[in-house]
Amino acid sequence: VGYEPLPPTLGRNIFGRQVYQLPGLFAYAKHIVKVDGRAGLFKGLTPRLCSSAIGTVVHSKVLQGAVLFGGVCSLPDTSSPPQPGPSKKESVSSLEQVLKETSREMVARSAATLITHPFHVITLRCMVQFIGRETKYSGTLSAFATIYREEGILGFFAGLVPRLLGDILSLWLCNMLAYLINTYALENGVRARGVQGGLGVSTMTEMKSYSQAVTGFFASMLTYPFVLVSNLMAVNNCGLAGGLLPYAPTYSSWLDCWSQLHREGNMSRGNSLFFRKVPTGKRYVWE
């Protein structure tokens, strides 16, 4: 949310150049322990665990239902027997499979996000209370009652839209980039070299797993602004100091939040846990 209780320090980047750096993960962990004790490191843990458990169950159930529904609606084509060797429609069928699997995963993730978002909001607000030393959200059940009393049903879904958009874009970017790399870079390269046998298959599988990890990291970097905006909207004007001036302006909508962050050059704020350089022109609040 832009709160920096510790001032930046003069350090060196990987090229040896002196730059001002914001404190990283370990510095802030020590600061939290100093202020709140070790228990302060676990603020919001209970709703976070609830969110993870419920989200896993919902995701699994919805994904199973999507697979069963897809299996009933699509029947295999048995009009012609399979031919030996690579098929001309192999890349097309592979793309169709990726599209189907990604669509199912998108539905499952969206359902899980929608169901668990109230716990996500409570988790963030429990952590943001550290800024103003409040105890407004002291328990999960009482937090539900507080949000419903002050903000109504919509309060449980503050920041939901950018979070959903970010998850969907990240999923599609990751899967489609991985498909393109695996199909047109890895498989074609292996075939051109004539790699065959068990070693070739094993190597191909390993390289595909690496490409999935790399594309996932790349997609998460591109969609990080949606995560940032979602988190800011979840605590925006909720009665906590961390969601009000001077720590954060009051946003009228998530689009307003996005535009203000873009104007300030803060779209990547908080995307790194270490080596946090203080960019020129960006605004932070520290004590």
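Okay, let's start at a glycine: just after α4, G152 takes a positive phi of about 75 degrees. Keep in mind throughout that this is a predicted model.

So, what about the helix leading into that glycine? Helix α4 covers residues 140-151, which makes 12 residues. From its first C-alpha to its last it reaches 16 Å, close to the 16 Å you'd expect at 1.5 Å a residue. Now, which residues of α4 are buried? They're T140, A143, T146 and I147. Those residues cover an arc of only 115 degrees around the axis, so they sit on the same side of α4. Turn to the other side of α4 and you find L141, Y148 and R149, which are exposed.

Is F157 buried or partly exposed? It's partly exposed, with a relative accessible area of 30%. And what does F157 touch, if we leave aside its neighbours within four places in sequence? F157 is in contact with L114, H117 and P118. There's also V121: F157 and V121 are 36 residues apart in sequence, and their C-alphas are 7.5 Å apart in space.

Let me step back to the whole chain for a moment. We've got 8 helices and 3 strands, and if you read along the sequence the pattern goes β-β-α-α-α-α-α-α-α-α-β. The chain has 287 residues, and buried ones make up 34% of them. If you take the contacts between residues at least 6 apart in sequence, 71% join residues at least 24 apart. The accessible surface comes to about 17,600 Å², and 65% of that belongs to carbon and sulfur atoms.

Strand β2, residues 18-22, is joined to β3 by 2 bridges, and the two run antiparallel. Look at the residue L22 here: it stands opposite R276 in β3.

Stay on R276 for a second, and ask which side chain makes a polar contact of 2.7 Å with the side chain of R276. That's E4. E4 lies in the segment before β1 (9-12). At 3% relative accessibility, with under 20% as the cut-off, E4 counts as buried.

Most residues other than glycine have a negative phi, and most peptide bonds are trans. We have some exceptions to show you. R133 isn't a glycine, yet it has a positive phi of about 60 degrees. R133 is in the loop between α3 (90-132) and α4, and it's partly exposed, with a relative accessible area of 44%.

Then there's N237, again not a glycine, with a positive phi near 50 degrees. You'll find N237 in the loop between α7 and α8, where it's partly exposed, with a relative accessible area of 46%.

And where is the cis peptide bond? It joins L245 and P246, with omega at about 5 degrees. P246 is found in the loop between α7 (224-235) and α8 (254-264).

That's my tour. Thanks, everyone.

Technical notes:
Residues numbered from 1 in each chain as written. Predicted model: local features only at pLDDT ≥ 70, side-chain atom pairs only at ≥ 80, totals over all residues. Heavy atoms only, no water. Helix = DSSP H or I, 4+ residues; strand = E, 2+ residues; numbered from the N terminus. Buried < 20%, exposed > 50% of the residue type's maximum accessible area, 1.4 Å probe, protein only. Polar contact = N/O pair within 3.5 Å; in protein donor to acceptor, adjacent residues only side chain to side chain. Contact = heavy atoms within 4.5 Å. Areas by Shrake-Rupley, 256 points an atom, 1.4 Å probe, with all protein chains shown as cover. Expected span 1.5 Å × (residues − 1). Arc of directions from axis to C-beta. Pairing = 2+ DSSP bridges.
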